[in-house]
Every structure is written in C-alpha cells, then in structure tokens.
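Please have a look at the structure below. A short report on selected features goes with it.

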Amino acid sequence: MLLITRQGITIAVAGDTSYLNTTAMAALVAGMFSATKEVARIVGEPQFSILLQQGEKKHIHISLVGEQTMLVVIFEDQNRIGMIRLYARRVAGALVQSMAASTEIEQVSGELLLPKFREYALALIDRIFQA
Amino acid sequence: MPYLSYSNREITLKVAYCGPAMSGKTTNLSYVHRALRPEVKGELFTLNTDQERTLFFDFFPVEMGQAQGYQLRFNLYTVPGQKNYEANSRLVLEGVDGIVFVADSQPERLGDNIESYRIVQNNLVSFDVDINSLPAVLQYNKRDCKDPLPVGTLEKELGLNKIPVFEAVAVKGTGVMETIRRVTQIVIERFQI
C-alpha cells in the first residue's frame, strides 16, 4: 500500500513495496488520477473517487483520502475487491482525521533554519547540477 | 507547492519544463538525466505517443542530499507542448515550484512561443498562481538554427523583466545544466515555509 499526495509524492508505505519504484509510481498514479478528474469533469461528475486497474496477476485500487491524498492498494486476489473497497473506505476516514490533526508544517517550520537550509541547498545544487 | 514532511524528514520541490511543441523540453530533461551521477537520479519516465511526442509528462526525481537534516529532492517534469494535449499540460503544472520556459529560437516559431507562454500563464492562473511570482528561467533553445530569434525578443513581447535567460543547444547539452542549476537556485532562494 502507498499513501501519496496529489502532487505525486509518497507519504507512507505499508507491506512489501521493495519491488516497487515508489517514487515513480506516486508520480504516475497522481498523473493518472488528475487525468481522470478532468475526465469526470467533462462528463459532468465532480470527480471519480475510485480507480481500479486490473492486471493479470496484480491489481491496483486507488481511492481518494480527503482532497489531497490517495491510497493505493496493490493486491493479487481479484475476488477480494469488495473487501479492499470496504477497508479502503474505513482507512480513508481514519486517515482524514489523523491528517487533519497533523502539524507537520508547523514542526518543519519550527525546526528548519531557513538561511542555513538555503545555504546548504544551494551548495548541493552547485555540486549536482554541474555544467 | 513544496512538499514538507517532518516525520519523513523530506522536502520535495517540483520544476517543470514548458514551452511550445518540439522546442526541446524532453531533450533538456533527457540530457540532465544522462549527465547526473546514478546515485542521485531516479529512472526517467516518458509518457509518449507512438511518434515519440510527449503525451502526458516526462519525469524523474533528483535526490540532492541532506540540508539541515532534511532530504532535499527535486522532481523534474516536462509538460506536453502540443495544443491538443493542453489539458494534460495543465495537470502537470499543478503544484509546480519553478518553471523553465524552453523557447524555440527558429524565427518562424515566434508566434508559437508566445502562444505557449500565454497558455502556461492561463493554466497557472487556474491554480491561483501568478506566473510572474513563480521562480522561472527562459531558455532560448536551438541557437544553432538559421537566424535565431535575438535574445530579448520574447522578453519584450511578454513583458518578462529580469528573468534569467540562457541560450542553449539542448541536443548537444549546451546551456542545459546552466538552466536547471539557475532555476533550482531561484526556487531555493525564494523557498519559504
């Protein structure tokens, strides 16, 4: 399972994701979800809250968690889709509450010294993006 | 919009290459990807049509390293330039922290460059983002073409004051790393929580 932002960033993972490129997957799934949101708008729906991708052995269930996050569940037994949907809905509710209480940005703000951060970051840029 | 995670100790920033079709956005991104050391770059994904035109986006992440205890990452994207993929282009621009506008220096492409910039501007407005407040650089690509547009042409047409400008021949890598370095520098210089 992955929890990703609409901007395509992985917030959290659960289960065995060692075989996945989670960074790429988050970006691609976010793109996919953004595209389907536009398709929904074109057909007159506010959005499609669930996406289901069916493979031969593995399937993906993607559901919205609040407005800015998506839960991606990768599963193998297609007969379990009903259970996946049920648990995804329950988890989504709990996650929305949990994230509403989050003070991540405040914590980062309290910890990060911006001038120092910028200094280090600019040095990294000079080193990595060399001509 | 920067992604900040206290629990994961991550800061992720998004930079997108935009511009008219065939101006060299994917060429830029591909060159940057080849130029970087393996340990700092993720796989380059390209979502293309059968004719190798960008359909949705190209993407790869750059792991910059640690800054003040936070892992800094830049996610680099290209935006499709073809007009019939404008809806896709808009989606990719959501949440962008910096843009590289890749202009085609061929004189007959002046109109396409201007139109493309206006589309990017309007797409950003749909996310309540003023392009003039966004970290941005302008790249005049294809400087090896016949009678390239003089530098300053687009700045004058579009009212771009003080935007950093780079001349490039992206297929050869000329000007490519300088461009990405400058736009990421501006993103960091203006970074706020």
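## Model

This is a predicted model. Every value below is computed from it.

## Strand β6 of chain B

Strand β6 of chain B spans residues 98-104. 7 of its 7 residues are buried, so the strand is largely enclosed by the rest of the structure. Both faces take part. G98(B), V100(B), V102(B) and D104(B) point one way, while I99(B), F101(B) and A103(B) point the other way, and all are buried.

β6(B) has parallel partners. Strand β2 of chain B, residues 10-18, pairs with β6(B) in the parallel sense over 4 bridges. Here Y17(B) stands opposite V100(B). Strand β7 of chain B, residues 136-141, also pairs with β6(B) in the parallel sense, over 6 bridges. In this pairing A103(B) has Y140(B) as its bridge partner. Between β6(B) and β7(B) the chain passes through helix α3 of chain B, residues 110-125. This β-α-β crossover is right-handed.

## R6 of chain A

R6(A) sits in a loop of chain A, between β1 (2-5) and β2 (10-13). Is this arginine, R6(A), buried or exposed? R6(A) counts as buried, because its relative accessibility is 16% and the cut-off for buried is under 20%.

Leaving out residues up to four places away in sequence, R6(A) touches A30(A), K37(A), E67(A), Q68(A), T69(A) and M70(A) in chain A, and E94(B) in chain B.

## Salt bridges

Side chains of opposite charge can pair when their charged atoms come close. How many salt bridges are there over all chains? The count comes to 17.

One of them joins E76(A) and K58(A), at 3.6 Å from N to O. E76(A) lies in the loop between β5 (69-75) and α2 (81-100) of chain A, and K58(A) in the loop between β3 (50-54) and β4 (59-65) of chain A, so the pair ties together parts 18 residues apart in sequence. E76(A) is exposed at 54% relative accessibility. K58(A) is partly exposed at 39%.

In chain B, R37(B) forms a salt bridge with E39(B), with the closest N and O atoms 2.7 Å apart. R37(B) is partly exposed at 38% relative accessibility, whereas E39(B) is exposed at 55%. E189(B) and R182(B) meet in another salt bridge, 3.5 Å from N to O. E189(B) is partly exposed at 38%, and R182(B) is partly exposed at 25%. Salt bridges with shared partners also link D104(B), R109(B), D112(B) and K142(B) into one network. D104(B) is one of the buried residues of β6(B).

Technical notes:
Residues are numbered from 1 along each chain as its sequence is written. Chains are lettered from A and ligands numbered from 1 in the order in which they are written. This is a predicted model: local features need pLDDT of at least 70, side-chain atom pairs count only at pLDDT 80 or more; totals for chains, interfaces and linings use all residues. Side-chain values use heavy atoms; hydrogens and water are left out. Buried means under 20% relative accessible area, exposed over 50%, partly exposed in between (1.4 Å probe, protein chains only). Helices (H or I, at least four residues) and strands (E, at least two) are DSSP runs, numbered from the N terminus. Two strands pair if DSSP finds at least two bridges between them. A crossover is right-handed if, with the strands pointing away from the viewer, the path from the first strand over the helix to the second runs clockwise. Contact means heavy atoms within 4.5 Å. A salt bridge is a side-chain nitrogen of Lys or Arg within 4 Å of a carboxyl oxygen of Asp or Glu.
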